[in-house]
Amino acid sequence: MEFVEKSFENGLELVKIYSKTKNSYFTVAPERGAIVVLLNLSGKEILYLNEATLFDRTKNIRGGIPVLFPICGRVVDGKIFFKGQEFEMKNHGFARDSNFNIAGYVDMPDKNGIILRLSSNEFTKRFYPYDFELLLQYLLNDEMFEVKMIVKNEDSSIMPFYAGFHPYFLCNKEDFTLKLECEKCFDDVEKRFIDLQDFKEIDFSKPEVNLDFLDVGSSEVEITLDRDKKILLLKDENFKNIVVWSLKDFDFVCVEPWMGEHEGYINNKFYYLEPGTIFEGWFAIKLASKVK
């Protein structure tokens, strides 16, 4: 297919998908957790990436759009319980450490894309004792990049999970703005709730910013990345929380759609998927000509 371009860099397979006009494109690394490492929408670079972490398999990738499954957020002491047993679990789950297979490509009249698959295996059973299939569908046109997550419960038991995504947006923090509808925000660094009535802007002079916007009511989040780069993060109701994370002296701000929250599993905030059923969640990144 003419919209697909495969390459190998430092032993890693990279798959590049072009839009119909080839004015936009994204690159995904299937064997590195199906992470999207590059996204260009009509000539605008959207994502931050530290390439050294991409090619060092001993490190978590700093950049791109990591996939968070079967949980998003922290795991206390690296331990979690499923089916009455204790399992090891890293923060944000194991999907980002997993090798996805290419399940197919999408050639629609107005968009192109790729589908990647992760099925339960010996590696995943070390952390998560369920039979499942995780499909990620990435779609692209010149103005928008879409992500659909499809989870199939192939186990005989009800399957708990709560997932998310971790987009690293390349930005100028002096120009960065964020607009969303939310009544509760928890500062995960200072461990306190923020009075949003007095909240005006994010203080990026701090060593770390980690804000959990809980139960976001709006289906879109307006983001200014710099003076001439504005986007909308669109999402369905499954991704009810938005996490904003950044580190001082790095030119990225993560704006992350999550189904849950840090340590949410402790309060049993899982999504429970019945045997033989399917979950679908969706979010997208769209260029915005104007953000009010």
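The largest pocket holds about 340 Å³ of space. A pocket here is an open set of points, on a 1 Å grid over the protein atoms alone, with protein on both sides within 12 Å along at least five of seven lines, whereas a cavity is a set of points where a 1.4 Å probe fits but cannot get out; lining residues have an atom within 4 Å of a point. Volumes are the space filled by probe spheres set on the points, which are joined across faces, edges and corners.

The model is predicted: local features need pLDDT of at least 70 and side-chain atom pairs count only at pLDDT 80 or more, while totals for chains, interfaces and linings use all residues. Residues are numbered from 1 along each chain as its sequence is written, and side-chain values use heavy atoms, with hydrogens and water left out.

All five residues of strand E3 (residues 25-29) are buried, so the strand is largely enclosed by the rest of the structure. Buried means under 20% relative accessible area, with a 1.4 Å probe and protein chains only. In a regular strand the side chains alternate between the two faces of the sheet. In E3, Tyr25, Thr27 and Ala29 are buried on one side, and Phe26 and Val28 on the other. E3 pairs in the antiparallel sense with two strands, as the table shows; two strands pair if DSSP finds at least two bridges between them.

| Pair | Bridges | Opposite residues | Residues between strands | Positive phi |
|---|---|---|---|---|
| E3 and E4 (residues 35-41) | five | Tyr25 and Asn40 | five | Gly33, about 75° |

**The eight-stranded sheet**

An open, antiparallel sheet is formed by eight strands in the order E9-E10-E11-E12-E25-E21-E20-E16. Strand E9 (101-107) and strand E16 (177-179) are at its edges with a single partner strand each, so one side of each has no neighbour in the sheet. Within the sheet, E10 (residues 112-119) and E11 (residues 132-140) are joined by eight bridges, and Ser119 has Glu133 in E11 as its bridge partner.

Lys229 belongs to strand E21 (residues 229-235) and counts as buried because its relative accessibility is 7%. Beyond four places in sequence, its contacts (heavy atoms within 4.5 Å) are Lys44, Glu45, Ile46, Leu170, Ile223 and Thr224. A polar atom of the Lys229 side chain lies 3.4 Å from the backbone oxygen of Leu170.

Asp155 is located in the loop between strand E12 (144-153) and strand E13 (159-161) and is buried at a relative accessible area of 9%. Its side chain makes a polar contact of 3.2 Å with the side chain of Lys83. A polar contact is a pair of N or O atoms within 3.5 Å; within protein, one must be able to donate a hydrogen and the other to accept it, and residues adjacent in sequence count only if both atoms are side-chain atoms. The Asp155 side chain also reaches the backbone nitrogen of Ser157 at 3.0 Å.

Conventions: Helix = DSSP H or I, 4+ residues; strand = E, 2+ residues; numbered from the N terminus. Buried < 20%, exposed > 50% of the residue type's maximum accessible area, 1.4 Å probe, protein only.
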